Amino acid sequence: MKLYKDFNISKNHKKSIILIGNFDGVHLGHQKLFKLANTYKKKFNLKIGVLTFEPMPKMFFNKNFKNFRISNVNQKKIILDYLGVDFIITKKFDKKFSAVKSDFFIKEILSKKIRAQYIFVSNNFRFGNKREGDVKELIKNEEKYRYKIVKPQPLILNKKVISSTYIRSLLEKGHLKKTNKLLSRNWSIEGIVQKGRQQGKKIGFPTCNIDIKDYVIAMPGVYAVKVKQKNSNKSLKGIANLGYRPTFNQKKILLEVHIFNFSGNLYNKYLSVQFTKFIRKEKKFKNVDQLKKQIQSDLKVAKKS
């Protein structure tokens with residue numbers, strides 16, 4: 001899969017199927033979209049390209065949306081590659097690009113630069129300066145610029161539209177099982193192991209501390225997890241606390257992971273932590289002994305899962 005940071009794509013990637021969006025989480029709704037794109041790919045012998053933006057426009061315009069992502073850029077690329085995408089254009093979303101007029105985006109970018117043949121967009125897709133452009137404008141220009149708009153129907157399960165917003169809300173409420181079902185994989189956080197305050201080690205429970213950066217804050221609590229090192233297919237079972245460690249008056253959200261039957265130095269290593277089961281909500285204990293007792297109980301649950 002080829003990666004581009006601008007619209008100067010190679011000749012063999014022009015005249016392709018283009019899907020535009022954030023595709024955060026690449027959930028079942030997105031997967032349905034790519035399945036349809038692959039039928040077009042086979043039928044018309046075309047490549048599939050994704051046009052996406054960094055940072056996500058919502059995060060660019062709303063600085064308060066720090067913890068928002070379901071998946072990071074690296075995870076998204078891996079899943080899109082698996083779903084048959086041939087190339088990704090990741091356009092930097094900044095003040096200059098946000099000011100581009102909708103007609104310029106259609107004429108100069110979609111038509112002249114990319115020369116898109118089929119453009120897949122959601123019905124609520126907006127683009128251009130102050131979100132002036134919409135799907136109606138794209139459809140109006142189909143003949144003029146020789147592309148065809150495809151508006152797939154959203155995936156609806158149990159009368160709920162499957163969207164990234166819905167999945168974020170499930171994670172925030174602690175509905176991990178449902179989240180993993182809608183992602184068709186275990187939700188995971190990737191990050192570099194940092195040196196912490198060593199409090200876990202002091203109570204006989206050493207942990208890897210990972211800064212969650214821009215990931216959505218799932219329900220603070222204790223989870224059963226599977227852990228992988230970068231470029232390794234081997235996963236190790238463990239237990240994780242995602243939260244503020246109220247017993248130790250921690251102010252910053254942190255992911256702490258204890259890997260079962262593991263010895264070794266993981267500082268500065270890049271880990272992928274897959275969340276497999278929500279065990280309990282985070283709580284404040286009166287003292288460290290109470291915490292240790294609860295940890296032993298949590299460990300039994302995590303090891304069985």
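## Before we start

Here, a residue is called exposed when its relative accessible area is over 50%, and buried when that area is under 20%. The structure you have open is a predicted model.

## Helix α9 and its two faces

Let's begin with helix α9, residues 176–183, where L176, T179, N180, L182 and L183 are buried. These residues sit on the same side of α9, because they cover an arc of only 165° around the axis. On the other side of the helix, K177 and K181 are exposed.

What do the buried residues of α9 pack against? Their partners are two helices, α1 (28–44) and α8 (164–172), along with the strands β7 (156–157), β11 (221–229) and β14 (270–281). Just past the end of α9, S184 has a positive phi of about 60°.

## A parallel sheet

Now for the sheet: 6 strands make up an open, parallel arrangement in the order β1-β4-β3-β2-β5-β6. The edges belong to β1 (2–4) and β6 (148–150); each has a single partner strand, so one of its sides lacks a neighbour in the sheet. From one strand to the next, the twist averages 20°.

Within this sheet, β3 (residues 48–54) pairs with β4 over 6 bridges, and G49 stands opposite F87 in β4. Helix α3 (residues 73–82) lies across β1, β3 and β4, and runs at about 170° to β3.

Beyond its close sequence neighbours, K91 touches K5, F7, T52, F53, E54 and F97.

Notes:
Residues numbered from 1 in each chain as written. Predicted model: local features only at pLDDT ≥ 70, side-chain atom pairs only at ≥ 80, totals over all residues. Heavy atoms only, no water. Contact = heavy atoms within 4.5 Å. Pairing = 2+ DSSP bridges. Helix = DSSP H or I, 4+ residues; strand = E, 2+ residues; numbered from the N terminus. Axes fitted to C-alpha atoms, helices over the stretch in contact; angles between N-to-C directions. Buried < 20%, exposed > 50% of the residue type's maximum accessible area, 1.4 Å probe, protein only. Arc of directions from axis to C-beta. Lists of a residue's contacts leave out its neighbours within four places in sequence.
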